[in-house]
Amino acid sequence: MASVIAAGAERDTTFKLRWYVLFITMLVYTINIADRYVMSTVLEPIRLELKLTDGGIAFLTGVSLALFYVTMGIPLSWVADRYNRKNLLAASIAAWSVMTTMCGLSRGYTQLLLARMGVGIGEAGGTPACNAIIGDYFPADRRPMAMTIFALGAPIGAWLGADMAGAVANAYGWRAAFLVLGVPGVVLALIVYFTVKEPKRGQLDAVSDAAAPTLKESLKFIWSQKAAFHVIMGSGVSALWGWGLMWFTPTFIQRTYHLDVGSAGAIVGPIHLVMGISASLLTAWLLARPAFVDPRRIVYLLGAVTAVATVPSIIAYYTHSLPLATAMWWIFIPAIYFYIGPAFALGQNLAPPQMRAMFTAIALLVANVFNLIVAPQVVGWMSDYFAGPRGADAASLRMALLILAPTGFWAAFHYFAAARTIVANQERAVGHV
């Protein structure tokens, strides 16, 4: 009798710990996205103060972060697959939070550039470590649901970075927006360090190997997983499409409809919060259904939602009507959250336990090259090109965004293509579906 009670108490403790870690990592992701998205909100005030072109501001704010994010992502994930992930995560949070604060204290182009580079280095160690930790707290059939709860950090963070930071920037200047987001991250780093327990690798998988593979072996394995390639490309192109459009959307609203930074943030912020959370919770509920144990149904769902949502994403930047554009954003923006949790989870199930942080880093490398380098820089260059000598304006930015919007159909293709081999690939990686 005593052993039964002890076993029940142990299960209860494990359940509470599992959900506590999931909640804390969700907060980490929230701060991560907020610190990144605030730059998009204050893009136009920074551009005007520093007298930059659209291409110039894209390099300063997006490419500078991404170059260090993608450069450091692989080596930091190599560390995460071999050493204590909780310690790496705490150090990463502290680093990017301090550098976010430094963005707010910067007094010129060079200082802001260096601070953004520092943010990229810190953020590179965050999400891969979170994904790997969650993967060892939840079994394979619960990971899609758990990763979708984790992904709630994206809409909450985007709301903080758009609505709240926009209001602060409008009242106190763009630098203040970075200060109010940077300081809480340092506190969260201490919480992670002192309260999160490092789990045993592969403890919930049928396939587990004590030795971590080399980088070459990890890349070779992932390349051999056809479904993994398509999931990585699907999520990467989704980031190019959805988050690439979102990067310039506050600026587009300010220029096209002659609104200030606070008013523009107030339009998209509530959409991120309400519809982003709703989409994430709906995804979590769906993926907890028995029918979605089959990973083919997950990628079919992702493909269908992405393809359908691409249509309003085109209309939003084509119309000259703010009410119609706003209505289209209420339909389109939820789709940029719908894929995050499932894509993370599919990645965790398509890689063995000792490759999970590396798999996440590779997926994030692809996504962030598309999202933070290709999308903002190409859109900025195209906007400058279409504007000609007169300088970038609302019309030139509209043309550039309309060229980007149809890429959602490209992302949908990869999700559908993953369905062909995803069952066999998951069995190979974790030993079961």
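Is Trp78 buried, partly exposed or exposed?

Analyst: Trp78 is partly exposed, at 35% relative accessibility. Here, buried means under 20% relative accessible area, exposed means over 50%, and partly exposed lies in between, with a 1.4 Å probe and protein chains only. A word on the basis: this is a predicted model, where local features need pLDDT of at least 70, side-chain atom pairs count only at pLDDT 80 or more, and totals for chains, interfaces and linings use all residues. Residues are numbered from 1 along each chain as its sequence is written, and side-chain values use heavy atoms, with hydrogens and water left out.

Trp78 sits in helix α3. Helices are DSSP runs (H or I, at least four residues), numbered from the N terminus. On the surface, Trp78 forms a nonpolar patch with Tyr83, Leu215 and Leu219. Together they have about 380 Å² of accessible area, by the Shrake-Rupley method with a 1.4 Å probe, where for residues only the protein chains shown count as cover. Such a patch takes residues with over 30% relative accessible area and no salt bridge, and joins nonpolar side chains (Val, Leu, Ile, Met, Phe, Trp, Tyr) within 5 Å. A salt bridge is a side-chain nitrogen of Lys or Arg within 4 Å of a carboxyl oxygen of Asp or Glu.

Lys51 has a positive phi, near 55°, and is not a glycine. Most residues other than glycine have a negative phi. Lys51 is exposed, with a relative accessible area of 74%.

The largest nonpolar core has 139 residues. A nonpolar core is a set of buried Ala, Val, Leu, Ile, Met, Phe, Trp, Tyr and Cys residues joined through side-chain atoms within 4.5 Å. Helix α11 (residues 226–257) gives the most to this core, with 17 residues. Among the residues with the most contacts inside the core are Trp243 and Ile340. Ile340 touches Trp243, and also Tyr29, Ala151 and Ala154, leaving aside residues up to four places away in sequence. Contact means heavy atoms within 4.5 Å.

Asn131 is in helix α6 (residues 126–135). Asn131 is buried, at 0% relative accessibility. Beyond four places in sequence, Asn131 touches Met147, Phe150, Phe344, Gln348 and Thr360.

Notes. Helix = DSSP H or I, 4+ residues; strand = E, 2+ residues; numbered from the N terminus. Patch = residues over 30% accessible without salt bridge, like charges linked within 9 Å, V, L, I, M, F, W, Y side chains within 5 Å.
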